[in-house]
Amino acid sequence: MTGLIVLAVYVGIFVASMVIFTRIGASIRDYTSLKTVTFGDESAVRPNRAAGIISILTLFLLWGMFTGSSLIPRFLHAPAPFVGLTSFEYTVAASGQQDTATVTVLVHDREENPDLPVVDDGDGIAKNDSIKVAQYRSKLVPFDKNDDIKKSDGAKIIAINGKKVKPGSRVNIEGGSVTISDKGTPNFSPDNGLQMEPLYLPSPEAVIERTGKVLQEGFRGTSLLGHLGWSLFRVIAGFLCGAIVGIPLGYAMGLSNWFRGWFDPIVEFMRPVPPLALIPLVIIWAGIGETGKIILLFLAALWIMAIAARSGVSGVKISKVHAAYSLGASKWQIMRYVIIPNSLPEIFTGARVAMGVCWGTVVAAELVAAEKGAGMMIMVASKFQNTDIVILGIILIGVIGFGIDMLMRGAERILVPWKGKG
Amino acid sequence: MSGLSIEKLSMRFDLPGGGSVQALKDVSLDLKEGELLSVLGPSGCGKTTLLNIVAGFLAPTEGVMTLNGHTIKGPDAERGMVFQQGALFEWMSVRENVGFGPSMKGMPKNDKAEIVNHLLDVVGLQDFKEKAVYELSGGMQQRVALARCLANDPDVILMDEPLGALDALTREKMQSLVLKLWKETGKTIILITHSVEEALLLGERLIVMAPRPGRIHKEYRLPFAELGVNSDLREVKTHPDFGPKREEILNMIWDMEEEIMGTAEADA
C-alpha cells in the first residue's frame, strides 16, 4: 500500500517536473538543438541536466517524506503514525443488564515506557479501563478485569462507540481501530500512518548520524575506512593477479594455434560461470581468509582479461601487421610496437568490466564470510537490525564502484587516446 | 642481376568446403630497376594475391621469384608496401610512423631524424609532424604511408590500391606526388589499381590480368607516366593516345567481367 503511494508520488514528481522543465529549457542554440528529427536520432538525445538533479533530489525527498525526516519541512511528511491519548467506549451486556465504559489508550514511542494513564472507575457494572501500546504494535484490552461481571460469567461486548459489534468486526476510532477477537476481546491497533518504521528504513539524518558515529568508533573493531580499504585491497590484489596471468594468456591464445586450441574450451566454459558460484568451492579449498578471497577475485578477473587480450590481438588489422613486417620489424618488435598498443583499448575495456565484476564479487564473498570488509559490515549490521548501517554500506559500496569506473575511464582517456580511431 | 624477376608463378589453394581455386597460373614478369608497373584487372583476377606473394605474405605453390638475384622467401624491408588505408599505427605520431622502419633497424637517432625530416618535407607534412595520425585527413594519411615506406629505402615499392579510398581531387594530387617520388627516388614500383585512368597515368608498363585462373592477359608500354612527371596530369589526359587506350582497356575489362557474369549464371 505504502509502496503504491510512493510510486504515485514519484511518478507525479517525474511528470510534473518534466512538463515544467521541458517548457522552459532549450536556451542553448547549438547544432543539435536545431535538429527537427530527434525521435529516433540517438545522437540528438542528451541527458537533461535539470532532470538529473531533480531525480536525485526526488529520491532524497521521498526518503525524507516517508521516514518523517527532520531535514524537510513538516508539511511534506507522509502521515505519521499516531502518538498520544485516545479513547473508545464499549458497551457490555451481562445477565440482562447493559453498561458502557471508556477505555483510555496511550500510544507511545517504542523507545519509551510511560506509566499507564490514570482513570477513575466510573459507575455501572462496567468500569473504565486504561491501556498503553507502542507504535506499530497492537494490544488486547482486558476490559473485564475490573468489571463487576467477568467474561467467564457471561459478560459480552455488544457495541464499540455505540456501533453494534460481534466477534470479528472492526470499528475505526480516532488514532486507530478496534477489532473484536474471536473470543470477544477488543484488540486495539494504533494508526500506522504511511511512514516507514525506522527498523525498515531509517531517516536520512539517522544514517548521517550513524555515519559520524561509525567513522569515529569504527564497526566491530575496524574503522569504516578500514573495512572499505580491505575490500578495495582484495579487489586490487585479485584483479592484478588476474590481469598478470590473463593478459599473457589472452595474447598466447591470439597468437598461437596450440594455445588457442588448448585454452579455448577452458576459457569458454569458465566465462559464463558466475564467480559467486565459485564461492563455496573456494571456501572449501582455501578457507574464508584472504587467500580464498583473492583466489576468487583472481578467477573472476582472469577470464575477462584473457578474453579481452585475445580479442585485442584478433582486432589487429592484418594490414598493420603486414606493414610492420614490410618495414623490417621482427616478431618481437611486431609484438611490442603493433600488437600490444593495438590491443590496449580492448584490454582497458576488459579491465573496466573486470574491476566491476571483482567489486561485486568481493562484496558478495564478504557477505558469506569475512572478518573485515564492506560486505561483512552490512551483513553483520543486518543481523543486528542496524538498518542505518546497512544503508550506509550500500551507499558507500555504490560510490566506490562508481569511483572505480570513473578512474578507469579517465586512465583510458589518458593512456589510450587512439581508442576507436583505427 | 638487378631487378625483380617472377617466373611461372602459380597459386592454388583448397577451399574449406572441398574443391580448390587456381588464383594464379604461370605468371611471369621481369621488372628492371626503376620501372613503374601498374596492374589492372577485374575483381578476382588475382592481382592482390600476386602483390601479396611478391611482398612475401603468401607462398606460391609453384614458381620462383628473385629480387636482385636472391630468392624471395618472406616479408622484408627491401620490399616496402603501401596499403589502401588503415595500415598506419594510430598510437604513434606522424613522425614516429615515418621513422618506424629506421627505428626497427636500430638506426641512430640523428640519422633517423634527418631522414624523417627530409621525407616530411617531400610529402609536405612538416607542420603535422607531432600530430596523431587519426587527426589527419585521408589524403594526408596516405602521404604519411608513402613517407613511411620511403624512409626504409626499399628496392621495390608495392602499392595495393593506395589511392582507392580518396576523393577525386585528392587522388589527382596524390597521383602527381607518386610520379614525382618515382622520378626522384628511382624506385621500382608495382601499383595495383581499379582505375583504368590511374593505371594509364602511373604505369610505364601496364599489365591487364584476366581471371579464372589469374594470368597476365595483355601488356602495354606507355608514355604517359614519363610525360606526367613534368606536366599537369590533366594535360596528359588530353594526349591523343590517352583516350583510345583508355577505351581499349575498359572494353577489355568489360568483356572479362561479362564473361564472369555469364559463367556465374551458367553455374547457377
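Axes here are lines fitted to C-alpha atoms, for helices over the stretch in contact, and angles run from 0 to 180 degrees between N-to-C directions. I took helices (H or I, at least four residues) and strands (E, at least two) as DSSP runs, numbered from the N terminus.

The model is predicted: local features need pLDDT of at least 70, side-chain atom pairs count only at pLDDT 80 or more, and totals for chains, interfaces and linings use all residues. Residues are numbered from 1 along each chain as its sequence is written, and chains are lettered from A and ligands numbered from 1 in the order in which they are written.

**Helix pair in chain A**

I looked up helix α8 (residues 318–326) and helix α9 (residues 331–368) of chain A; their axes come within 10 Å and cross at roughly 160°. That angle makes α8(A) roughly antiparallel to α9(A) (under 35 degrees is roughly parallel, over 145 roughly antiparallel, 65 to 115 roughly perpendicular, the rest oblique). I noted the crossing of α8(A) and α9(A) as right-handed, that is, the near helix is turned clockwise from the far one by less than a right angle.

For contacts I required C-beta atoms, placed from the backbone, within 7 Å. On the α8(A) side I found K320(A), V321(A), A324(A) and Y325(A), which meet I334(A), Y337(A), V338(A) and N342(A) of α9(A). The residues of this contact divide into six nonpolar, one polar and one charged (Ala, Val, Leu, Ile, Met, Phe, Trp, Tyr, Cys and Pro are nonpolar; Asp, Glu, Lys and Arg charged; the others, Gly among them, polar).

**Chain B and its side towards chain A**

I counted ten helices and ten strands in chain B. The C-alpha trace of chain B spans about 60 × 45 × 40 Å along its principal axes.

I then listed the interface: 20 residues of chain B are in contact with 16 residues of chain A. On the chain B side, β6 (79–82) and α3 (100–105) are the elements that give two or more residues. The most comes from α3(B), with four residues. I sorted the residues of that side into 13 nonpolar, four polar and three charged.

**V208(B)**

I placed V208(B) in strand β9 (residues 205–210) of chain B. Is V208(B) buried or exposed? It counts as buried because it has 23 C-beta neighbours inside 10 Å (20 or more other C-beta atoms within 10 Å is buried, 12 or fewer exposed, in between partly exposed; C-beta atoms are placed from the backbone). Leaving out residues up to four places away in sequence, I found that V208(B) touches L40(B), G41(B), H217(B), K218(B), I249(B), M252(B) and I253(B).

Notes: Contact = placed C-beta atoms within 7 Å.
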